[in-house]
Amino acid sequence: MKVDEGTRERHPPLIQVESNIEEWPVFQLGRSKSNSVVVERNIQSKGGNSLKQRMEVSAPGKYRLPGRFDLDTYSAVLELLEIRGGMPEDGVLGFSLHELILLMDLEPSGRTYEEVKRSLRRIAATVLESDNAFWSNGQQRHISDTFRLWDVTFDAVTDKNGSGARHRIEFGKLFQRSFEEHYLRGLDIEFYWTLDSPVAKRLYRLIDLKRLGSASWQVDLFELQKHIPIGPYAYVSKINEKLKAAHEELIERRFLSDVAYPEKSVVIYKVSEAFRTRREGLELAGTQDEIIAIHLLTRSGLRGDVARDLVAKHGPAHCTHYANALPRQKNLRNPAGWLRKAIEAGFELPDTPPQRHRVLSPEEHHEARSLIQPSDRVVHPENGEAASDPVPSEPPGSPAPDPKAQEAWDSLVEDLIALRGRKSLPGWFGDF
């Protein structure tokens with residue numbers, strides 16, 4: 001049972017998800033009688049050679065393969081990770097069952113807590129075996145390895161509804177590495193939670209990944225059913241029958257504008273302009289202005305995901321203007337709350353002298369940079385090229401300020417103010 005629609009305002013618009021897991025059918029949509037599933041395919045490597053890929057997902061002993069509910073649980077864990085500011089250095093996320101249930105918009109109850117707890121254990125027990133199927137962005141090649149997504153530890157001391165416990169998820173090394181190497185993509189989690197059909201949820205994530213930021217994606221239906229996964233079905237008509245309801249929901253929710261069939265076994269998914277415009281409005285390019293703006297907002301007490309979303313929506317100059325004005329506001333009970341409202345409402349402020357940004361330390365730069373949402377326009381390795389890191393590399397270090405240059409700059413600013421007046425200076429002038 002889902003809770004009131006109003007609770008969705010908690011969700012950050014975009015969360016970072018690991019691209020390999022989005023690509024392969026780790027989560028099953030039907031009841032499988034087997035405790036393992038294998039997906040194989042051939043792709044063209046960068047050199048033009050054929051590369052055979054194989055991914056096996058298996059569950060040991062009493063566990064079954066992760067399914068529909070587990071995909072929601074996995075999504076809630078990554079959303080909580082985003083809210084906390086990204087992957088911790090030690091790869092450990094503290095959480096309560098109550099937090100995850102609220103993110104999943106479920107009604108808290110003893111049964112729901114147990115269901116989420118079993119789901120976390122089921123995902124932890126699942127083994128992924130890659131033969132050239134898992135892309136390493138650091139090594140710039142496909143790797144063969146066996147791994148699990150995470151280990152989970154539950155605190156033995158808890159209250160009856162699980163809200164008082166602090167449990168732990170320790171992410172697997174290979175999974176952590178993808179976050180460190182930025183082999184990620186942005187998932188519109190707000191939109192994801194509005195979908196009802198598990199097939200629509202999985203299809204949405206797959207289309208949004210594979211379209212590479214473009215307006216459409218074309219795929220063979222027999223190949224598509226392996227990656228959702230459904231079936232396997234031997235006839236196109238049966239595949240279309242199983243996809244029909246999901247297509248209708250994705251069109252109704254304005255993710256898709258059309259589903260076309262240029263050939264009998266080929267489908268073209270056309271993503272609506274409204275959805276693409278929304279996504280582009282939520283993305284950041286990772287410029288120095290954005291990094292500085294995010295740093296100023298988080299230093300002022302705003303949560304990392306809130307700071308990033310404000311910069312994405314209102315622009316770095318606008319956010320920086322109000323962050324610089326915050327120290328001059330008197331008698332604020334909640335400075336961070338005032339700052340957020342000022343940015344969103346565009347408060348009128350009395351004239352204030354422009355402030356200079358100090359140079360960020362490498363640690364501050366890295367912390368703010370980690371909150372930038374990587375672009376989805378990533379070249380995937382199966383398209384014939386190695387996937388490039390969507391995040392610009394961090395500068396090796398910022399030069400120390402030159403006192404003579406600073407003195408000359410201050411003199412120039414004073415002359416400009418005396419000549420033209422302070423109001424004549426553009427809003428971005430103080431950002432230098």
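**Strands and helices in contact**

Mentor: Helix H9 (residues 236-252) lies across S11 and S12, and runs at about 150 degrees to S11. Keep in mind that this is a predicted model.

Trainee: How many bridges join S11 to S12?

Mentor: S12 covers residues 266-271. S11 and S12 run antiparallel. The number of bridges joining S11 to S12 is five.

Trainee: Which strands stand at the edges of the open sheet?

Mentor: Three strands form that sheet, with antiparallel pairing, in the order S10-S12-S11. The twist averages 20 degrees from one strand to the next. An edge strand has a single partner, so one side of it is left without a neighbour in the sheet. The strands at the edges are S10 (216-220) and S11 (256-263).

Trainee: Now S2 and S3. Which residue in S3 is the bridge partner of arginine 41?

Mentor: Strand S2 spans residues 36-44 and strand S3 spans residues 50-58. They run antiparallel, joined by nine bridges. In S3, the partner of arginine 41 is glutamine 53.

Trainee: Which residue in S5 stands opposite valine 57?

Mentor: S3 also pairs with strand S5 (residues 127-136). Five bridges join S3 and S5, which run antiparallel. Opposite valine 57 stands leucine 128.

Trainee: On to helices. Are H2 and H4 roughly parallel or roughly perpendicular to each other?

Mentor: H2 (residues 68-83) and H4 (residues 110-125) pack with their axes 9 Å apart. Their angle is about 85 degrees. The roughly perpendicular range is 65 to 115 degrees. H2 and H4 are therefore roughly perpendicular.

Trainee: How many residues of the contact of H2 with H4 are charged?

Mentor: H2 contributes Phe69, Asp70, Thr73, Tyr74 and Val77, while H4 contributes Glu115, Val116, Ser119, Leu120, Arg122 and Ile123. Six of the contact residues are nonpolar and two are polar. The charged ones number three.

Trainee: What is the handedness of the crossing of H13 and H14?

Mentor: Helix H13 (residues 316-325) and helix H14 (residues 335-345) pack at about 140 degrees, with their axes 9 Å apart. H13 and H14 are therefore oblique to each other. Their crossing is right-handed.

Trainee: How many nonpolar residues does the contact of H13 with H14 have?

Mentor: From H13 come His318, Cys319, Tyr322 and Ala323; from H14 come Trp338, Leu339, Ala342 and Ile343. One contact residue is polar, and no charged residues take part. The nonpolar count is seven.

Note on methods:
Residues numbered from 1 in each chain as written. Predicted model: local features only at pLDDT ≥ 70, side-chain atom pairs only at ≥ 80, totals over all residues. Heavy atoms only, no water. Axes fitted to C-alpha atoms, helices over the stretch in contact; angles between N-to-C directions. Helix = DSSP H or I, 4+ residues; strand = E, 2+ residues; numbered from the N terminus. Parallel < 35°, antiparallel > 145°, perpendicular 65-115°, else oblique. Left-handed = near helix turned anticlockwise from the far one by under 90°. Contact = heavy atoms within 4.5 Å. Nonpolar A, V, L, I, M, F, W, Y, C, P; charged D, E, K, R; others polar. Pairing = 2+ DSSP bridges.
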